[in-house]
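Colleague: Please show me the model, and then let us go through it residue by residue.

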Amino acid sequence: MAKLPARGLATAAILFVVDQLIKWAVTGPLSLRALGDVREITSFFNLRFVPNYGISLGLLTADSNASRWALVAMTGAIALAVAFWMTRERNPVDQVALGCVLGGALGNIIDRVRFGYVVDFADLHFGEWRPFLVFNVADAAITIGVLVLLARALLVRDRPAPMEKSNA
């Protein structure tokens with residue numbers, strides 16, 4: 001029986017909880033619940049409520065109940081594939097990266113199920129220049145996980161296992 005990827009599962013669980021707690025704080029105690037609600041934190045970072053009805057970069061916008069549930073099904077299938085991959089992955093760094101993707105995906109899936117949209121709130125800006133769309137912890141976790149997986153796939157070569165000596 002394969003050993004469960006404890007690092008990856010722990011990463012996914014922690015990120016899921018942190019994502020949901022921060023979204024709760026933003027929409028609950030901080031009362032950012034409507035489009036346009038903003039709290040300035042620093043000169044370059046605001047909390048800004050933005051309901052995201054699509055996926056990355058506003059693609060595949062769910063403009064109906066059917067498309068909402070189609071997005072839930074699609075992202076759920078991706079999350080299952082990532083979880084399966086994680087169980088087969090032996091590299092601990094890749095397990096953690098996959099945990100980032102899984103935890104973030106689950107956080108955004110729960111939002112879409114509960115609200116019909118994903119709660120985005122992190123607004124990084126320099127004056128009027130915004131290098132990113134408004135995002136959340138789940139989005140950041142997914143992005144970091146994917147970047148680590150890509151960097152490792154493109155730049156890192158794992159050493160092959162030593163060959164066993166034969167008695168021939």
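Modeller: First a term: contact means heavy atoms within 4.5 Å. This is a predicted model, in which local features need pLDDT of at least 70, side-chain atom pairs count only at pLDDT 80 or more, and totals for chains, interfaces and linings use all residues. Residues are numbered from 1 along each chain as its sequence is written, and side-chain values use heavy atoms, with hydrogens and water left out.

Colleague: Which residues does I142 touch, not counting residues up to four places away in sequence?

Modeller: I142 sits in helix α4; helices (H or I, at least four residues) and strands (E, at least two) are DSSP runs, numbered from the N terminus. Beyond those sequence neighbours, I142 touches C100, V101, G104, A105 and N108.

Colleague: Is I142 buried, partly exposed or exposed?

Modeller: Buried means under 20% relative accessible area, exposed over 50%, and partly exposed in between (1.4 Å probe, protein chains only). I142 has 26% relative accessibility, so the class is partly exposed.

Colleague: Which residues does UniProt list for "active site"?

Modeller: The entry is unreviewed; UniProt positions are given in the numbering used here, feature names are shortened, and annotations may be inferred rather than shown by experiment. The record lists D120 and D139. They are spread over 20 residues of sequence yet cluster in space, with a largest C-alpha distance of 8.7 Å.

Colleague: With which side chain does the side chain of D120 make a polar contact?

Modeller: D120 belongs to strand β3 (residues 118-124) and counts as buried because its relative accessibility is 2%. A polar contact is a pair of N or O atoms within 3.5 Å; within protein, one must be able to donate a hydrogen and the other to accept it, and residues adjacent in sequence count only if both atoms are side-chain atoms. At 3.2 Å, the partner of the D120 side chain is that of N52.

Colleague: Leaving aside neighbours within four places in sequence, what is D139 in contact with?

Modeller: D139 lies in helix α4, residues 137-155. With those neighbours set aside, its contacts are N108 and D120.

Colleague: Where around the axis of α1 are its buried residues?

Modeller: In α1, the buried residues are G8, T11, A12, D19, Q20, K23 and V26. They cover an arc of only 150° (taken from the directions from the helix axis to the C-beta atoms), so they are on the same side of α1.

Colleague: What do the buried residues of α1 pack against?

Modeller: A6, R7, I14, L21 and W24 are exposed on the other side of α1. The buried residues pack against β2 (45-52), α2 (65-88), α3 (92-115), β3 and α4.
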